[in-house]
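This report covers helix packing, nonpolar cores and a sheet. Please keep the sequence and the structure in view.

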Amino acid sequence: MLELSVVYLAAAIVAVPIAKRLGLGSVLGYLLAGILIGPFFLSLVGDQTEVMHFAEFGVVMMLFLVGLELQPSRLWKLRRSIIGLGGLQLGLSTLVIFIVCFYFLLLSWQASLAIGLMLALSSTAIVLQTLTEKGWIKQEAGQNSFSVLLFQDIAVIPILALLPLLALGDSGTIKHTESLIDGFPIIFQVLMSLMVIALIVFFGKFIAGPVFRYIAETRLREIFTVFALFLVIAIALLMQKIGLSPALGTFLAGVVLAESEFRHELEADIEPFKGLLLGLFFITVGASIDFSLLFEYFLLVLTCVIALIVVKAGVLFVLGSVFKLENKQKLLFTLALAQGGEFAFVLLSLTGSLSILSPEQVHLTTLVVAISMLLAPILLLGYEFFEKRDQSLKDEFDGPDQIEASKNVIVAGYGRFGQVVSRLLKTQGYQVSILDHSPTQIEMVRRFGSKVFYGDAARFDLLAASGAADAQLLVIAIDDPAKTLNIIELCQKYFPHLKLAARATDRRHAYELIRLGVTDFRRETFDSAIHLGVDALQMLGNSETASKRAGELFKQYDEDSLESLSHLWGDDQSYGVAFKQRLEDLTQVLEEDRKQQDKLNACNGDDCA
């Protein structure tokens with residue numbers, strides 16, 4: 001087992017970075033890694049069936065994360081393109097592929113429908129990654145591509161539920177997968193399935209939140225991660241035991257938890273496991289490609305690949321015209337989604353186990369999907385070349401007025417300090433994402449309608465999940481000086497575009513912020529102390545004008561001193577001498593200003609002018 005692990009990891013380390021550098025994307029890198037270690041080349045691994053069953057759990061985790069992203073507001077905003085464009089793409093592509101398979105390839109209607117549903121799906125991993133890397137995701141074509149992919153991801157759930165109904169044996173009876181409720185009446189099975197689904201929704205809505213808060217209060221990150229994994233695995237196991245798709249259960253759990261304050265933390269904890277397992281899944285797919293079969297049926301496979309791309313591209317082009325996409329945007333939209341997708345591998349595994357397709361048909365379809373995915377980045381590279389050659393196209397796609405500037409601000413820490421900053425920003429129309437590490441604080445604040453998410457802002461994955469890559473500003477309002485510095489260093493390394501505004505707990509902390517190059521900070525008690533000092537001067541008999549002037553001079557001089565003495569911080573002797581001298585200078589300045597003001601007041605009273 002350890003030897004196989006080393007082989008898989010080494011292949012990924014070698015192939016994926018090379019693929020990324022060539023602009024092919026990480027998914028194709030994993031596929032190439034699998035091909036490299038598979039039987040056709042180095043023969044370092046054997047049969048991939050058992051490994052693939054394990055790696056398919058990465059798809060279950062992917063659907064859980066998809067569910068976490070499906071917030072009602074986001075769905076409503078994209079409702080027209082998700083339901084209309086996505087639904088028509090899936091339906092028309094399935095219909096055309098079904099007709100080709102049934103009437104021209106003479107397959108059974110069950111096999112034709114299964115193949116149509118599988119090949120109608122596109123690669124979420126390849127498309128979204130490439131569009132993001134090239135800067136096309138915010139364009140009209142990018143947003144429509146995202147909507148179609150989102151609909152396809154959701155559609156995988158009913159497709160998974162539909163495929164077992166196509167598994168008809170010779171006797172015309174439906175083949176059942178092994179489950180605890182096999183042999184019971186159909187009515188009982190349906191009711192039990194509905195009860196389990198309702199239980200998952202109830203647990204996610206009313207029980208998961210308090211449990212997460214209880215675990216979060218321990219401040220043990222590993223326990224939080226353990227419970228997140230336990231939640232996903234337990235739901236998948238429960239669905240499997242009653243004969244339903246594990247992905248369906250985790251997807252529902254993700255949707256229910258999409259409004260939870262722990263959503264970002266869940267994404268950050270599950271994402272690495274999902275990425276590793278999906279990478280392993282793609283490697284096993286690459287390693288399982290039967291090249292002898294490819295060479296035996298080379299013309300058939302090549303013809304099917306070309307036909308698949310042409311059919312899907314034709315459907316996408318027509319839909320782009322119906323939805324009135326501009327011609328150049330329509331071209332990008334068409335090329336982006338004209339390939340097969342990773343979910344087809346999962347569905348192919350299921351159709352093979354249900355005997356909907358023969359082993360040879362499964363292998364041939366796997367070849368068609370894999371090769372179409374290998375060609376997908378090449379199509380987009382061709383579009384990129386065309387874009388660079390066409391100056392007018394470049395101006396239209398890359399013009400800055402085409403991209404709406406983000407107004408998102410992240411506030412880390414929602415105590416007394418962070419609340420004031422957040423309220424001010426919200427009143428000015430900014431979208432504020434709030435992170436806090438106190439479950440009790442989050443629960444209290446959410447009662448008043450504010451959205452606050454649980455998590456440690458010093459974690460890269462959590463900042464990324466919170467939108468740091470697109471946000472304009474990060475306000476660090478936590479009361480832990482060391483963690484503030486960690487967050488700043490993290491942002492300067494991974495999010496250099498992000499503007500930073502920080503809360504300084506004291507003068508020492510302020511000097512540390514200056515050393516890191518952060519100039520936008522406020523000492524948490526300084527301003528309030530100045531105001532109280534002004535009030536104290538008035539209570540001692542000084543005029544309001546004189547008291548406020550003394551406060552302003554003191555504030556200005558102290559802030560100037562903070563900047564000018566920062567280079568001496570750490571040298572106690574030199575800093576002590578300089579600080580004492582500045583204090584004496586301040587006393588002298590305030591005394592001279594008071595005398596000058598008294599003289600002016602006296603002259604005004606005696607009409608000196």
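## Helices α6 and α7

Thr 94, Ile 97, Phe 98, Cys 101 and Phe 102 of α6 meet a set of α7 residues: Trp 109, Ser 112, Leu 113, Ile 115, Gly 116, Leu 117 and Leu 119. Contact means heavy atoms within 4.5 Å. Helices (H or I, at least four residues) and strands (E, at least two) are DSSP runs, numbered from the N terminus. The model is predicted: local features need pLDDT of at least 70, side-chain atom pairs count only at pLDDT 80 or more, and totals for chains, interfaces and linings use all residues. Residues are numbered from 1 along each chain as its sequence is written, and side-chain values use heavy atoms, with hydrogens and water left out.

How do the two axes cross? Helix α6 (residues 79-104) and helix α7 (residues 109-119) have axes that come within 8 Å and cross at roughly 140°. Axes are lines fitted to C-alpha atoms, for helices over the stretch in contact; angles run from 0 to 180 degrees between N-to-C directions. The pair α6 and α7 is therefore oblique. Angles under 35 degrees count as roughly parallel, over 145 as roughly antiparallel, 65 to 115 as roughly perpendicular and the rest as oblique.

## Nonpolar cores

The largest nonpolar core has 81 residues; Ile 115, Met 118, Leu 163 and Met 373 touch the most other members. Helix α9 (residues 140-166) contributes the most, with 9 residues. A separate second core of 40 residues includes Phe 64, Ile 215, Leu 229 and Ala 253. Such a core is a set of buried Ala, Val, Leu, Ile, Met, Phe, Trp, Tyr and Cys residues joined through side-chain atoms within 4.5 Å. Buried means under 20% relative accessible area, exposed over 50%, partly exposed in between (1.4 Å probe, protein chains only).

Beyond its neighbours within four places in sequence, Ile 115 contacts Ile 97, Cys 101, Leu 107, Leu 357 and Thr 365.

## The sheet

An open sheet holds 6 strands in the order β3-β2-β1-β4-β5-β6, with parallel pairing. Two strands pair if DSSP finds at least two bridges between them. At the edges, β3 (452-454) and β6 (521-523) each pair on one side only. The twist averages 20° from one strand to the next.

Strands β1 (residues 408-412) and β2 (residues 431-436) pair over 5 bridges. Val 411 has Ile 434 of β2 as its bridge partner. Helix α23 (residues 481-494) packs on the sheet and touches β4 (473-476) and β5 (499-504).

## Ser 422

Ser 422 lies in helix α20 (residues 416-427). Ser 422 is buried, at 0% relative accessible area. Not counting residues up to four places away in sequence, Ser 422 touches Val 411, Tyr 414, Val 432 and Ile 434.
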